[in-house]
Amino acid sequence: MESKSSFDQLKSRVKELEKAEKALEYQLKIEQLNSSLSNRFIDIDVEKIDEALNWALAEVGKFAGVDRSYIFQFYDNDQKMDNTHEWCAKGIEPQMPELQGLSTGDFQWALSKVENDGTLPIPDVLKLPPEAGNEKDAFLSGRIKSLIMARIQIEKRMVGFIGFDSVREKRGWDEDFILLLQNIAVLFANALERKYKREELVESEARYRELFNNTKSGVAIYEAVDNGKDFIFKDFNRAGERIDKVSKDQLLGKSVCSVFPGVKDFGLFEVFQEVYKTGKPRHHPVSFYQDHRLTGWRENYVYKLPTGEIVAVYDDITERKQAETQIKKALKEKEVLLKEVYHRVKNNLQNILSLITMQERYVKDKDTLGYFIGLKNRVRAMGLIHEKLFKSEDLTQINIKDYLESIVSHLTYSFDVNIHRVKIHTKMENIYFNIETALPCGLLVNEIVSNSIKYAFPGQQPGEILLELKELKEENKDNYMLVISDNGIGISPEYDCEEKQGLGSKLIKAFVLQLEGKVELDRSKGTKYTVYFPRVKK
């Protein structure tokens, strides 16, 4: 009995040693596989990553004795997923072509588990819980009996997963294999991250190249030589070829001074050196470039890239400068012409005044003589505006304050007003009118002030005349208000009868009409005209 017990103990010990040896051998194989996978992915070229992923799926799939291994990757804001890589054991039909564009929402239970726990081992698909109904149906339709999934995570975000399926038999997943799978997921995540960044870089370069070649501005990229003593062309866009009438192939690798010998006199070379040394962007203002081959006006913006290269973005504004020159020339010619017109009109009006003055000498009747004086004042008011415009730098605008004060000053002289008895006050803003507004405004002031001087203060009666012009700030269809008032004897009520109105009254109405305005007459304290009018458009 004792001999048999010893034999059983020895037999049990042998089995334990065999089990330990198998476990050690299994662990050694896992370490060898880990080492093999790590070596394959260290410093791998981005172009070979897909090939390495497929190789790794095959190696691990064979080691684990599964029927299928695969990678799924998310896209469209993680709403969709594609089966991007696959390995199948002999006799197992590939599934990847059918597993494209799947909705991640249909696998919410499984994906949540994988995201939270890192792995999801499923020894028996038939025993999945009720909340995994979608997953269960999908797995059974693929004849999957057992599977395991592992999270692929980049920067704390799940971007996909690795999966291993057993189709022919049910099976479990030991801790060593789960740990191996987690390590593989990290390797895959690092490789895919490099691939994603490379793809993003390629896309970014493609967008940059499209922008670079299709922008309407010329763009030239330079590399500094000898610490900024010279600059050679590194790149040149299509707009630059068109602007400078040179092909990219003709200048790449050449010095900017050899291609554009006038660059130093142009002032741009000095800007290159400054930007290269300081790193601060510079604007090189519109300047004229000239060499034996090329001439034209250019405007440049220069900045430095993080790589140390200098970029010049520039525009050819030669046509714009030529157009500006032609416009300036045309404006100068128009200015000369307008000055000549104003001068001739002023001279013609002066001739008219001379004729009226000559005729005036033969007039003996006092009332008739008064008509001649009024006529001369109106002509002078018209001549005065042309004189002001002739002397003005702006031939389209006139300072209405200066113009009206000149009219009042002339009327004071014309009627020999005693300035101590009749005082004329002006209160006006510096407003500029075009001639279409200024002329009827001046004639209106001339007419009303003339009437006040002649009729408001009979005998030696003292008095005051007020002339006020201001712009209305509040919202109003009338932009300006002109007030001409006196504290004299006032206008007779007969003025309201049109038949009793004289020429002056009719002219006042005509001038207000020309201003497209309206007039209010107040006779309560002397005579007060208030005229509201807009700026008359040309």
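Asp-226 sits in the loop between β7 and β8 (230–236). Helices and strands here are DSSP runs (H or I over at least four residues for helices, E over at least two for strands), numbered from the N terminus. You are working with a predicted model, in which local features need pLDDT of at least 70 and side-chain atom pairs count only at pLDDT 80 or more, while totals for chains, interfaces and linings use all residues. Residues are numbered from 1 along each chain as its sequence is written, and side-chain values use heavy atoms, with hydrogens and water left out.

**Exercise 1. Describe the backbone and the surroundings of Asp-226, then do likewise for Asn-77.**

*Step 1.* Start with the backbone: phi of Asp-226 is near 55 degrees, a positive value in a residue other than glycine.

*Step 2.* Now the accessibility. Asp-226 counts as exposed because its relative accessibility is 56%; the cut-offs are under 20% relative accessible area for buried, over 50% for exposed and partly exposed in between, with a 1.4 Å probe and protein chains only.

*Step 3.* Turn to Asn-77, in the loop between β1 (68–75) and β2 (80–88). Asn-77 is not a glycine either, yet its phi is positive at about 55 degrees. With 71% relative accessibility, Asn-77 counts as exposed.

**Exercise 2. Work out how β6 (157–166) is paired and how much of it is buried.**

*Step 1.* Look for partners, remembering that two strands pair if DSSP finds at least two bridges between them. β5 and β6 are antiparallel, with 9 bridges, and β1 and β6 are also antiparallel, with 6 bridges.

*Step 2.* Pick out individual bridges. Ala-150 is partnered by Ile-162 in β6, and Phe-72 by Phe-161 in β6.

*Step 3.* Check the turn. The hairpin of β5 and β6 has 2 residues between the strands, and Glu-155 there has a positive phi near 50 degrees.

*Step 4.* Judge the burial: 9 of the 10 residues of β6 are buried, so the strand is largely enclosed by the rest of the structure.

*Step 5.* Zoom in on Ser-166, which belongs to β6. At 2% relative accessibility, Ser-166 counts as buried. Its side chain reaches the backbone oxygen of Glu-169 at 2.5 Å. That is a polar contact: a pair of N or O atoms within 3.5 Å where, within protein, one must be able to donate a hydrogen and the other to accept it, and residues adjacent in sequence count only if both atoms are side-chain atoms.

*Step 6.* Beyond its neighbours within four places in sequence, Ser-166 touches Asp-67, Ile-144, Lys-145, Ser-146 and Arg-171.

**Exercise 3. Find the buried residues of helix α3 and what they pack against.**

*Step 1.* Helix α3 covers residues 108–117, and Trp-109, Ala-110, Leu-111 and Val-114 are buried in it.

*Step 2.* The buried residues of α3 pack against β1, β4 (119–122), α4 (133–141), β5 (146–154) and β6.

*Step 3.* Follow the chain onward: just after α3, Gly-118 has a positive phi of about 95 degrees.

**Exercise 4. Characterise the second largest pocket and the largest cavity.**

*Step 1.* Settle the terms. On a 1 Å grid over the protein atoms alone, a cavity is a set of points where a 1.4 Å probe fits but cannot get out, a pocket is an open set with protein on both sides within 12 Å along at least five of seven lines, and lining residues have an atom within 4 Å of a point. Grid points are joined across faces, edges and corners, and a volume is the space filled by probe spheres set on the points.

*Step 2.* Sort the cavity lining by class: 12 residues are nonpolar, 1 is polar and 2 are charged. Here Ala, Val, Leu, Ile, Met, Phe, Trp, Tyr, Cys and Pro count as nonpolar, Asp, Glu, Lys and Arg as charged, and the others, Gly among them, as polar.

Note on methods: Contact means heavy atoms within 4.5 Å.
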